[in-house]
Amino acid sequence: MTEPAKRGRGPGRPRDEQNTERRRRELIEAAYRVFTTKGYAAASTADIAAEVGIGYGTFYRYFDSKRAILDDVVDYGLDRLLTEIAGDVFEPAALDHEITVDELIRTWSGAVERMCHIAESDPALMQAMLFELPGIDDELNTRILGLGGILAATVDRFLSRAVDSGVIRDDVNTGDVGWMLLALTIPPVMRTLQGGGETDRRRYIDTAVAVLTPGLRSLEANS
């Protein structure tokens, strides 16, 4: 009598689980393309299924509705933005050293440049993240604002250490400055979406830096 065949697939995840994850990823990427091309309101689950090349009903094996996939699409878009804009700025190792005003300004200026480059190369992404998706419902608004809070809190950590070391004046609210820096990144992106070029962007950055730098430096550093 022969030995019964052994069951199982050996190490790693089952193939069915891997296929499910792959298909979900394909649908999320397809929904991202459809939403940023047609707009969320005009898009349908049938459009997403067609983008992948599957039947309409297959979509519902993975997501209950168009709104159900939206959260994953927003995460996908935000991951793209943060990876391209922030790079390793927000990695733990980058938070361990003392920051100076000049370094803070360079970091902010670089982030503005990268955001504007994304607005030039992928304007649909910026349009969706800044204007269309935040207005869909309160839950999504809360998530996007929560991300802004995380970024502002990270900047706050930088600034608080600079205040402790006497580099930045101690009479400013570093949390508010974090939010201000985030807000200051939006106008050049909007102007880029409207056709503004590198000269316009550089002038904006130089103006913002001229205002920010003396306002942040400690009185000793300014003297």
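Contact here means heavy atoms within 4.5 Å. The model shown is predicted.

Figure 1. H7 spans residues 174-184, and H8 spans residues 186-193. Their axes lie 5 Å apart, at an angle of about 10 degrees. That angle makes H7 roughly parallel to H8.

**Figure 2. Helix H7 has a set of buried residues.** Thr174, Gly175, Val177, Gly178 and Leu181 are buried in H7. They cover an arc of only 160 degrees around the axis, which puts them on the same side of H7. The partners of these buried residues are helix H4 (101-121), helix H6 (138-164) and helix H9 (198-216).

**Figure 3. Helix H8 has buried residues of its own.** These are Pro188, Val189 and Thr192. Seen down the axis of H8, they fall within an arc of 100 degrees, so they line one face of the helix. Their cover includes H4, H5, H7 and H9. Just after H8, Gly195 adopts a positive phi of about 110 degrees.

**Figure 4. Trp108 is a buried residue of helix H4.** Its relative accessible area is 5%, under the 20% limit for buried residues, so Trp108 counts as buried. Which residues does Trp108 touch, not counting those up to four places away in sequence? They are Leu181, Leu184, Thr185, Tyr204, Ile205, Ala208 and Val209. Of these, Leu181 is also among the buried residues of H7. Trp108 and Val155 are 47 residues apart in sequence. Their C-alpha atoms are 9.9 Å apart in space.

**Figure 5. Leu133 sits in the loop between helix H5 (123-132) and H6.** Leu133 has 3% relative accessibility and counts as buried. Leaving out residues up to four places away in sequence, Leu133 touches Tyr40, Leu70, Val74, Ala128 and Leu140. Tyr40 is 93 residues from Leu133 along the chain. The C-alpha atoms of this pair are separated by 7.6 Å.

**Figure 6. Thr45 belongs to helix H2 (residues 45-52).** Is Thr45 buried or exposed? At 8% relative accessibility, Thr45 counts as buried. Apart from neighbours within four places in sequence, Thr45 is in contact with Tyr56, Phe59, Tyr60, Ser65 and Lys66.

**Figure 7. The whole chain, for context, has ten helices and zero strands.** Its elements run α-α-α-α-α-α-α-α-α-α from the N terminus on. The chain has 223 residues, and buried residues make up 38% of them. Consider contacts between residues at least 6 apart in sequence: 72% of them join residues at least 24 apart. The accessible surface of the chain comes to about 12700 Å². Carbon and sulfur atoms account for 53% of that surface.

Key
Residues numbered from 1 in each chain as written. Predicted model: local features only at pLDDT ≥ 70, side-chain atom pairs only at ≥ 80, totals over all residues. Heavy atoms only, no water. Buried < 20%, exposed > 50% of the residue type's maximum accessible area, 1.4 Å probe, protein only. Helix = DSSP H or I, 4+ residues; strand = E, 2+ residues; numbered from the N terminus. Arc of directions from axis to C-beta. Areas by Shrake-Rupley, 256 points an atom, 1.4 Å probe, with all protein chains shown as cover. Axes fitted to C-alpha atoms, helices over the stretch in contact; angles between N-to-C directions. Parallel < 35°, antiparallel > 145°, perpendicular 65-115°, else oblique.
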